[in-house]
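Here are my notes on the two-chain model you sent. They are set out as numbered points, to be read beside the coordinates.

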Amino acid sequence: MDKITESLLKLVSDWDDDVYNGAYNIRENGGCAGRQSTDNIKIEPKEGGKGIDIYIKEGTKDEKVYIPACISKSNVEDLVYNDFHVGENADVTIVAGCGVHTDDEEGSSHNGIHRFFVGKNARVLYEEKHVGTGEGGGKRSIDPVTDCQLEEGAVLEMNTQQLSGVDHSIRTTTGKLEKNAKLIIHESILTEGDQYAKTDFEVDMVGEDSAVDLISRSVAKDDSYQEYHSKIKGESRCIGHSECDAILVGNGKVNAAPELFAGDLDASLIHEAAIGKVAGEQILKLKTLGLSDEEAEKRIIDGFLNA
Amino acid sequence: MLCLNNVKWKAEDGAEILKGIDFEIEPGKLTVVTGPNGSGKTSLAKVISGVEQATEGSINLDGVELIDKDITERARLGVAYAFQQPVRFKGITVRDLIELAQGSKIEEVDVCSLMSKVGLCTNDYIDREVNDSLSGGEIKRIEIATVLARNNAKVMLFDEPEAGIDLWSFNGLVEAFQELKKNKDMILIVISHQERLLEIADNIVVIADGKVRIAGPGDEILPQLMQDEKAVACPVEKENN
């Protein structure tokens, strides 16, 4: 593993002291840079090296599995298929994350195709950070595709962050929720320069008393452009909530298009959306505490994205 | 000493709101600024804090002219201001705001002491976002705490601190002001109509129609105000009569 990969791992995951505590699979420039299974979490390569299957045993508690992917040079187009098979009643944390580094005018990309099969009454906390680093104008792209199948009573909480430096990103997430299943997604996206980011969610609540809570917070700076589309479908007695808040800085632009579909009389679906610049009164308040305009704006944006 | 001399301010539409305010405030004393709605009290607070820039006059704090300084500079010179309408933030917690106000990390015990002064339990609030989930009264108390937390404050300016606060918390707030009065270096200004605050004021300034109508020691001014309740409601009317 090279030094750039190590620095990317620190940015996108809990990489510290050159070790992960638990099961892990480190992907570097399309290959495997390290893998470890534990008694309860088995990581097996798919045929052809195009990804991995992660098997989490029934009832596994308080364990973490790390699956970061890093690209440390230009001219890499990485496509990987990762499937998570989470056993019934498990309660685990999955730390993903992707960093793309280029130092010239050539780009690199990472496409992670993830499928989650979360068993009955299992709980998963999924944490994912994306970052681009390096000099030069090469395009750094990260385009994750995620599908979530939640069995009865399963809970999947996804916290995803696009930190900075990612020039192009299309994030596609789909999900199907059975009875009492719950999907919670908190995403935050920062775009700068002429970066582009698109988020596309489609979640189908088919089971009674299933619930989805989707919160997206984004900041579009400079000339960057973001698109947000969510479709929440309630096909039984269920609760769906989505909230899309965006802050514009400079010439940033955001197009938000939320969609709700209620196919059952007892489906309760709510959407909230707000797009605008940093509120002037917020800047004023922080200035009365002694912050400059720039410090106040940075603090407001940092808080907004990290909430 | 905070000295205001002929302070004037016009709103964006050109309306003259402050028409030449003059008064001096000594440290170690509580000054309550009162007057009818629309008389210019909040505008005065904004002009002192720099949220609005005076169009004319002088605001001098301990020999330093503030009139041309912006909000940040005034804050760094020791002007602390609690808004009448507190601001809400997504993603900034009560702890964040208190630490920004103090300018450093704050110890749990200090947060607890501060929050109890405004009638809030630290454990219930410290990690909550200062957002729409807080009631008007809760956010008002947090706003006051951000001023009490200021380490460098020479002037503490509270705009209607009693608004939205329940009686139990208000009692605590009155005690907090009485405690602050003991700091002989602190210039304490409260904009209020609240009788209990007027009662503990060392000095009272009555503003009406953008001017100081009457000002003086609390024990002289308050009886005048109480003699004729209409004077509290509308000193302009009193004068015209």
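1. The model is predicted. Everything below should be read on that basis, and the values are computed from the atoms of the model.

2. Overall form of chain B. The secondary structure of chain B amounts to 11 helices and 10 strands. For 241 residues the globule rule gives a radius of gyration near 18 Å, and chain B has 18 Å, so the chain agrees with a compact globule. The C-alpha trace of chain B spans about 55 × 40 × 35 Å along its principal axes. Of the 241 residues in chain B, 44% are buried. Among the contacts in chain B that join residues at least 6 apart in sequence, 67% are between residues at least 24 apart.

3. The interface. Contact between the chains involves 17 residues of chain A and 19 residues of chain B. On the chain A side, α2 (280-288) and α3 (293-306) each supply at least two residues. The largest share of that side, 7 residues, comes from α2(A). By class, the side of chain A that touches chain B has 7 nonpolar, 6 polar and 4 charged residues.

4. Helix α2(A). This helix is mostly covered, with 7 of its 9 residues buried. The buried residues are A:Q282, A:I283, A:L284, A:K285, A:L286, A:K287 and A:T288. What covers them comes from both chains: the cover includes α3 of chain A and, from chain B, α1 (41-49), α2 (71-77), β6 (79-82) and α3 (94-102). Just after α2(A), A:G290 has a positive phi of about 105°.

5. Strand β1 of chain A. All 6 of the 6 residues of β1(A), residues 23-28, are buried, so the strand is largely enclosed by the rest of the structure. A:A23, A:N25 and A:R27 point one way from the strand, while A:Y24, A:I26 and A:E28 point the other way.

6. Partners of β1(A). With β2 (residues 31-36) of chain A, the strand runs antiparallel over 5 bridges, and A:R27 has A:C32 as its bridge partner there. The hairpin of β1(A) and β2(A) has 2 residues between the strands, and A:N29 in this hairpin takes a positive phi near 50°. With β5 (residues 61-66) of chain A, β1(A) pairs in the parallel sense over 2 bridges, and A:Y24 stands opposite A:Y66. With β6 (residues 69-71) of chain A, the pairing is again parallel, over 2 bridges, and A:A69 is the bridge partner of A:R27.

7. Backbone angles to check. Most residues other than glycine have a negative phi. A:N121 is not a glycine, yet has a positive phi of about 60°. A:N121 lies in the loop between β10 (108-118) and β11 (123-133) of chain A, and counts as partly exposed, with 18 other C-beta atoms within 10 Å. B:N6 also has a positive phi, near 50°. The place of B:N6 is in strand β1 (residues 2-10) of chain B, where the residue is partly exposed with 13 C-beta neighbours inside 10 Å.

8. Residue A:A220. This residue lies in strand β18 (residues 210-220) of chain A. Is A:A220 buried or exposed? With 26 C-beta neighbours inside 10 Å, A:A220 counts as buried. Leaving aside residues up to four places away in sequence, A:A220 touches A:T191, A:Y225, A:Q226, A:A246, A:L248, A:G252, A:K253 and A:V254. In contrast, A:G207 is 13 residues from A:A220 in sequence but 36 Å away in space, C-alpha to C-alpha.

Notes
Residues are numbered from 1 along each chain as its sequence is written. Chains are lettered from A and ligands numbered from 1 in the order in which they are written. This is a predicted model: local features need pLDDT of at least 70, side-chain atom pairs count only at pLDDT 80 or more; totals for chains, interfaces and linings use all residues. Two residues are in contact if their C-beta atoms, placed from the backbone, lie within 7 Å. Helices (H or I, at least four residues) and strands (E, at least two) are DSSP runs, numbered from the N terminus. Ala, Val, Leu, Ile, Met, Phe, Trp, Tyr, Cys and Pro count as nonpolar, Asp, Glu, Lys and Arg as charged, and the others, Gly among them, as polar. A residue is buried if 20 or more other C-beta atoms lie within 10 Å of its own, exposed if 12 or fewer, and partly exposed in between; C-beta atoms are placed from the backbone. Two strands pair if DSSP finds at least two bridges between them. The radius of gyration is taken over C-alpha atoms; the globule rule is 2.2 Å times the number of residues to the power 0.38.
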